[in-house]
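Let's walk through this model together, one chain at a time.

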Amino acid sequence: MEDIPEEEYSGGVVKKFMYVNRRAPHGSIYAQESLEVVLVGAAFEQDVSVVFLDDGVYQIRKDQDTSAIGTKNFSKTFRALEMYDVEKLYVEKESMQARGMTEDDLNVPVEVKTSEEIGRLMEEQDVVLSF
Amino acid sequence: MALLHTVNKSPFEKNSLETCLRIAVEGSSVLLIEDGVYGAMNGTSLNGALSDAGNRLQFYVLGPDLKARGLSEQDVMEGIEVVDYDGFVDLVVGHDATHACL
């Protein structure tokens, strides 16, 4: 059997992955599923960015407590992203403003970007996944 | 006949709340549940429309759904009453019919 070179096993290609979240957290499964996929990308040591647009900004609102609606409080998982080296979290300024929110309302450190800046970041990606 | 309208979608994603405000007649009630509770928040671009509608409609918002989304009573617009699950049942029983504006 032919030997396969070592380098094909280790390392591998690193691509720039952007995950775009535009949905509120508890009314549908999109937000929770997105978070799962972000963790998969991180496990494969890809260059991961996570963007929160429109109602997606509600996903990282602090003090979420789902005990009375009987669902999983996955908002806490966003705080664990740092351990998976997912540190590029971006929030669109315009989306927060329309919803009466500021950076103080969020439960994770993020970079607040304008629509234009988010658009430019998107242009730099190899893969853009939408939720 | 007094109707109870329930709205369960975010007003920033769907126009359910907008439609509800358009069709709800004076004296009826609107209960914001699930993602609809975002419509009750202070400081949003929708506050004007809700304040205007508050002159003819009674607004309620479901507390457990607020809490799940990191919102407290302090985040809710003045004039919107926070109710719990028992309050939800009382509203349904207290109106002639319920219209779920999905």
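Helices (H or I, at least four residues) and strands (E, at least two) are DSSP runs, numbered from the N terminus. Angles run from 0 to 180 degrees between N-to-C directions, with axes as lines fitted to C-alpha atoms, for helices over the stretch in contact. Contact means that the C-beta atoms of two residues, placed from the backbone, lie within 7 Å.

A word on the model before we go on. This is a predicted model, in which local features need pLDDT of at least 70 and side-chain atom pairs count only at pLDDT 80 or more, while totals for chains, interfaces and linings use all residues. Residues are numbered from 1 along each chain as its sequence is written, and chains are lettered from A and ligands numbered from 1 in the order in which they are written.

Chain A has an open sheet of five strands, in the order S4-S3-S2-S1-S5, with parallel pairing; two strands pair if DSSP finds at least two bridges between them. At the edges are strand S4 (111–113) and strand S5 (127–130) of chain A, each pairing on one side only. On average, neighbouring strands of this sheet are turned by 25 degrees against each other, direction ignored.

Follow S2(A) next. Strand S2 (residues 47–52) of chain A pairs with strand S3 (residues 88–92) of chain A in the parallel sense over four bridges, and A:Val51 stands opposite A:Tyr90 in S3(A). S2(A) is mostly covered, with five of its six residues buried. A residue counts as buried if 20 or more other C-beta atoms lie within 10 Å of its own, exposed if 12 or fewer, and partly exposed in between, with C-beta atoms placed from the backbone. S2(A) is also joined to S1(A), by six bridges between strands that run parallel; there, A:Met18 has A:Ser49 in S2(A) as its bridge partner. The path from S1(A) through H1(A) to S2(A) is a right-handed β-α-β crossover: with the strands pointing away from the viewer, the path from the first strand over the helix to the second runs clockwise.

Now turn to chain B. Chain B holds four helices and five strands, and along the sequence they follow the pattern β-α-β-α-β-α-β-α-β. The five strands form an open sheet in the order S4-S3-S2-S1-S5 (chain B), with parallel pairing. Strand S4 (80–83) and strand S5 (97–101) of chain B are at the edges with a single partner strand each, so one side of each has no neighbour in the sheet. From one strand to the next, the twist averages 25 degrees.

You can trace this sheet bridge by bridge. S1(B) and S2(B) run parallel and are joined by four bridges, with B:His5 partnered by B:Val30 in S2(B). S2(B) pairs with S3(B) in the parallel sense, over four bridges, and here B:Leu31 stands opposite B:Tyr60 in S3(B). Strand S3 (residues 58–62) of chain B is joined to S4(B) by four bridges, again running parallel; B:Val83 in S4(B) is the bridge partner of B:Leu62. Two right-handed β-α-β units can be picked out: one is made by S1(B), H1(B) and S2(B), and another by S2(B), helix H2 (residues 47–53) of chain B and S3(B).

Zoom in on B:Thr19, which is found in helix H1 (residues 16–23) of chain B. Is B:Thr19 buried or partly exposed? B:Thr19 is partly exposed, because 13 other C-beta atoms lie within 10 Å. Its C-alpha atom is separated by 8.2 Å from that of B:Cys101, 82 residues apart along the chain.

Finally, find where the chains meet: the contact takes 18 residues from chain A and 17 residues from chain B. On the chain A side, the residues divide into six nonpolar, five polar and seven charged.

Definitions and conventions:
Nonpolar A, V, L, I, M, F, W, Y, C, P; charged D, E, K, R; others polar.
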